[in-house]
Amino acid sequence: MQKAFFANAFGSRCAERAKLHFPGVAVSVLVAISAQFVAEHYAAPAMLMALLFGIALNFLGEPGPTAAGIGFTARGVLRFGVAVLGARISVEMFLSLGWSMIGVLVLGVALTILFGVVLGKLIGQGPRFAILTAGSVAICGASAAMAIAAILPKDEKSERNLLFTVLGVTLLSTIAMILYPIFTNAMGFDDHSAGIFIGATVHDVAQVVGAGFSICDEAGETAALVKLIRVSLLAPVVVLITLWWRGTEGETNGKRPPIVPVFVLGFLALAAINSAGLIPTAVAALLTKVSTWCLLAAIAAVGMKTDLRNVLQVGRGAIVLIVAETVFLAMLVLAAMFMIGAVG
């Protein structure tokens with residue numbers, strides 16, 4: 001009798017929450033579908049389209065029937081999408097690339113984040129913003145930005161900073177997708193080396209694939225592999241950032257985040273299962289699509305929650321910071337490739 005009572009109460013609460021969130025979630029999904037349609041038919045970055053469409057529908061994020069669901073999508077759906085990214089990762093990927101190149105990628109991520117924090121301090125940008133932009137540049141663009149934003153302490157500038165970062169790395173990735181194949185050809189790189197450089201420096205996965213396969217299949221496959229290894233570094237970086245912020249009690253207003261966020265545990269669990277060969281290829285492909293759609297809907301929701309006028313207030317320093325981080329990563333990877341003899 002008592003179990004039935006609690007079951008009914010739980011079911012009632014779930015139904016109420018679903019009813020509350022459904023309008024906003026549905027709007028976010030519709031915006032994501034529209035963004036994907038435009039991206040496929042006009043060769044535009046889907047993330048950028050979702051962000052711009054979301055900004056155009058900013059009024060839906062204001063108090064009303066869609067506000068709760070939009071907020072849920074920007075938080076809960078986002079974290080689920082990042083967790084599911086783990087299905088792309090396996091230990092076999094690491095071993096196929098070689099330890100010297102893995103070292104370059106790890107060093108590139110670490111030094112780019114350190115460079116961003118130092119430069120941010122020098123030009124008057126806060127540490128949260130510096131870590132957010134540097135992490136997105138160093139790892140995997142918009143996906144990394146959203147994952148890092150999910151664990152950073154919130155303030156009145158959090159959503160504005162996330163929106164600017166996603167917009168910035170997406171635009172820079174698109175520019176790199178066009179220029180980097182030209183650059184690698186001018187440098188005399190062979191197809192394998194060109195793929196390594198593109199995978200190690202371009203921010204978003206879609207643009208990495210676009211740039212790599214614009215050269216040839218070998219360059220595209222190499223670039224995608226290198227990029228996925230960068231994506232795998234997202235989980236340890238998020239954990240390290242969380243630990244650092246736990247040590248700054250004043251920055252968190254007394255509320256410390258968990259040492260390992262739940263969505264990171266999900267990411268690591270799926271990566272471990274995939275490494276053990278327990279995720280069939282078809283299921284892994286399905287999970288990849290689920291992750292993509294979740295992140296598209298989440299960034300659309302972030303756009304709907306943020307006023308573009310606030311984003312335009314970031315100033316020149318923010319633009320200088322994210323561009324400098326991008327250039328720093330490219331120069332660092334280029335120098336490292338010459339040092340380890342990865343250029344051919």
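A pocket is an open set of points on a 1 Å grid over the protein atoms alone, with protein on both sides within 12 Å along at least five of seven lines; lining residues have an atom within 4 Å of a point. This is a predicted model: local features need pLDDT of at least 70, side-chain atom pairs count only at pLDDT 80 or more, and totals for chains, interfaces and linings use all residues. Residues are numbered from 1 along each chain as its sequence is written, and side-chain values use heavy atoms, with hydrogens and water left out.

Q: Which residues lie nearest the centre of the largest pocket, and how many line it?
A: Arg88, Val205, Ala206, Gln207 and Thr292 lie nearest the centre. The lining has 31 residues. The pocket volume is about 760 Å³. That volume is the space filled by probe spheres set on the grid points, which are joined across faces, edges and corners.

Q: Which helices supply the lining of the largest pocket?
A: Helices here are DSSP runs of H or I with at least four residues, and strands are E runs of at least two; both are numbered from the N terminus. H1 (2-42), H2, H8 (158-186), H10 (205-213), H11 (217-232) and H14 (281-305) each supply at least two lining residues. H14 gives the most, with seven.

Q: What makes up the lining of the largest pocket by class?
A: There are 19 nonpolar, seven polar and five charged residues. Nonpolar covers Ala, Val, Leu, Ile, Met, Phe, Trp, Tyr, Cys and Pro; charged covers Asp, Glu, Lys and Arg; the others, Gly among them, are polar.

Q: How many helices and strands does the protein have?
A: The protein has 16 helices and zero strands.

Q: Why is valine 27 called buried?
A: Buried means under 20% relative accessible area, exposed means over 50%, and partly exposed lies in between (1.4 Å probe, protein chains only). Valine 27 has 18%, so it counts as buried. This residue lies in H1.

Q: What does valine 27 touch?
A: Contact means heavy atoms within 4.5 Å. Leu60, Thr66 and Met304 are touched by valine 27, leaving out residues up to four places away in sequence. Leucine 57 is 30 residues away along the chain, with 9.7 Å between its C-alpha atom and that of valine 27.

Q: Why is serine 143 called buried?
A: Its relative accessibility is 12%, so serine 143 counts as buried. Serine 143 sits in H7 (residues 142-151). Its contacts are Val82, Leu85 and Leu295, not counting residues up to four places away in sequence.

Q: Why is isoleucine 113 called buried?
A: The relative accessible area is 16%, so isoleucine 113 is buried. Isoleucine 113 belongs to H5. It touches Ala134, Gly135, Ala138 and Val237, not counting residues up to four places away in sequence. Threonine 133 is 20 residues apart from isoleucine 113 in sequence and 8.4 Å apart in space, C-alpha to C-alpha.

Q: What makes helix H2 mostly covered?
A: Of the 11 residues in H2 (residues 46-56), eight are buried. They are Ala46, Met47, Leu48, Met49, Ala50, Leu51, Gly54 and Ile55. Over the protein of 344 residues, 51% count as buried.

Q: How do two packed helices get described, and what are the values for H6 and H16?
A: The description uses the angle between the axes and the distance between the axes. Axes are lines fitted to C-alpha atoms, for helices over the stretch in contact, and angles run from 0 to 180 degrees between N-to-C directions. The axes of H6 (residues 127-138) and H16 (residues 316-339) come within 10 Å and cross at roughly 35 degrees. In H6 the contact uses Phe129, Ala130, Thr133, Ala134, Val137 and Ala138; in H16 it uses Ala318, Leu321, Ile322, Glu325, Thr326 and Leu329. The class count is nine nonpolar, two polar and one charged.

Q: What is the handedness of the crossing of H6 and H16?
A: A crossing is right-handed if the near helix is turned clockwise from the far one by less than a right angle, and left-handed if anticlockwise. H6 and H16 cross right-handed.

Q: Where do H9 and H16 meet?
A: Ser193, Ile196, Phe197, Ala200 and Thr201 in H9 meet Leu329, Ala330, Val333, Leu334 and Met337 in H16. Eight of these residues are nonpolar, two are polar and none is charged. The axes of H9 (residues 191-201) and H16 come within 9 Å, crossing at roughly 145 degrees. This crossing is right-handed.

Q: What lines the largest cavity?
A: A cavity is a set of grid points where a 1.4 Å probe fits but cannot get out. The lining is Val104, Leu105, Gly108, Val109, Ala138, Ala200, Arg230, Leu329 and Val333. H5 (99-122) and H16 each supply at least two of the lining residues. H5 gives the most, with four. The cavity volume is about 30 Å³.
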